[in-house]
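Here are a few notes to read alongside the structure. Have the 3D view open and click through the residues as you go.

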Amino acid sequence: STSPKPAVEDTSALVRARSGHEITWLGDGGEEEARRQVTALLRQDLTLSSAVRVALLANRNLQSLYDELGISQADLVQAGLLKNPTLGATYDFPLDGTRPGFQIAFVTDLVQLFTLGSRKTIARTALEGTKYRVAGEVLRHVYEVKAAYFAVQAAQQTFSMRQIVREAAQAAVELARRQHEAGTINDLDLANEEALFAQISTEFRRSQADLATSRERLTRLLGVWGADAGWKVTANLADLPEQEPATEHLESKAIATRYDLAAAHKDVQVVSYALALAKNTRWTGAVDAGVDFHREAEGVRLLGPTVAVQLPLFDQGQAVIARVEAQLRQVRNREGALAVDIRSEVRELVARLQVARGVVDDYQRNLVPVRERVVTLSQQQYDAMLLGVFQLLAAKQNEINTYRELIDALRDYWTLRAELEWKVGGNFGLERSSTSGATPPPVKVTPQPASGEHPHEHHTP
């Protein structure tokens, strides 16, 4: 059958074994059902798992990738077909007044009969390699969706941080202007506060751009548009898991499970089979055999076999064999280089993941608590009129900047973990949805009264 559906089902099983998700091929008329599922998923808040599912349903680049399976399946069918036989006829017009003669020949190539099994083996192995290659590309896309999802979460949280900072800075500059009018601060102090507010406003606008960029990248990976592009992500980045996955045998696991390496091995097999076929048929060339019927001018009718053999006088297949031998060396070297790269990538990601976890842990255990304590002490001193409002707002801004850095560290950690999951070919349980507590509480500032002001007339968030 030329239908790629069995190959798609096999590829879907490969993807499911590594990611827990299945692929959906829309070539058999399932677009309406896929659209219904996508709409239902996007009506709810987008989770990590549902984002991956939407991409596997809606992304057109993945659908075009699945057509590689159809091409390989068609090549397999073609390899199992015999060439159509040739029917030839000649009609002889006599020049001496005798009866005309004619000849009919029905011939086919015999070599294709003997090489049919080899050609099917080559095409079948190529189809297996295509399955692995497509599955590997799907897993790469799954990783990109996860990384983009984490980037959106981080961008949204950073945007919220910037909003709080901007509100605090706006309150500070408004207070500074009132105090400047009352004569309690000089021109330089006012200029510093206005410059700080302008800088913070610029950072806030940049965070808006970062959020828009991260959303659009995820939208492209999802493959949605129009009203579907208004999806929402409300969950914050997850906190660190209690334990990391075991890393002792990740290199060997990656070598055993990486689909791109399996596809590279299939490429070696395909070229090996092609080389054997080229060597086995180098002296035969084309051998046409069939039945010949002809009637001579005298009226004699003859029927018998006909054979035409291509003589390998000039071309003994040496160029074809040399080419395939070079291709075999090439694919073997690519397979070996990929295996070396895989081991190195896994070791690198393991080291980076450990460092990233340590960075997040330092922020959560040390930096964030210290900044929170600084704000608490500053608030107490401010309430006792021992500290100015600007110092309190600066302490709060430093605290929020630390939270933002914690968000970036968490994003980097989860992105690295998703990449390691992809590179190893396993599932480390990224689908769980816990929420980080990296959201600072707002600080309420009651400014110290300027000249002629009541202490509770102005309240700054």
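1. Start with Lys423, which lies over the face of Trp422, at 4.1 Å from the ring centre. Keep in mind that this is a predicted model. A second example to look up is Arg215: it lies over the face of Trp231, and here the distance to the ring centre is 3.9 Å.

2. Trp231 also turns up in the largest nonpolar core, where it is among the residues with the most contacts, along with Val138, Leu218 and Leu222. That core has 81 residues, and helix 6 (residues 116–182) gives the most to it, with 19 residues. Apart from this core lies another one of eight residues, including Val268 and Leu328.

3. Phe150 counts as buried because its relative accessibility is 4%, and Trp414 counts as buried at 3%. Together with Tyr149 and Tyr413, they form one aromatic cluster.

4. Finally, have a look at Lys266 in helix 9 (residues 259–280). Lys266 is buried yet has no salt bridge. The nearest side chain of opposite charge, Glu128, is 5.5 Å away. Beyond its sequence neighbours within four places, Lys266 is in contact with Thr125, Glu128, Gly129 and Tyr132.

Terms used:
Residues numbered from 1 in each chain as written. Predicted model: local features only at pLDDT ≥ 70, side-chain atom pairs only at ≥ 80, totals over all residues. Heavy atoms only, no water. Helix = DSSP H or I, 4+ residues; strand = E, 2+ residues; numbered from the N terminus. Buried < 20%, exposed > 50% of the residue type's maximum accessible area, 1.4 Å probe, protein only. Lys, Arg positive; Asp, Glu negative; His and termini not counted. Salt bridge = Lys/Arg side-chain N within 4 Å of Asp/Glu carboxyl O. Contact = heavy atoms within 4.5 Å. Core = buried A, V, L, I, M, F, W, Y, C linked by side-chain atoms within 4.5 Å. Phe/Tyr/Trp six-rings, centres within 6.5 Å; stacked < 30°, edge-to-face > 60°. Lys NZ or Arg CZ within 6 Å of the ring centre and 35° of its normal.
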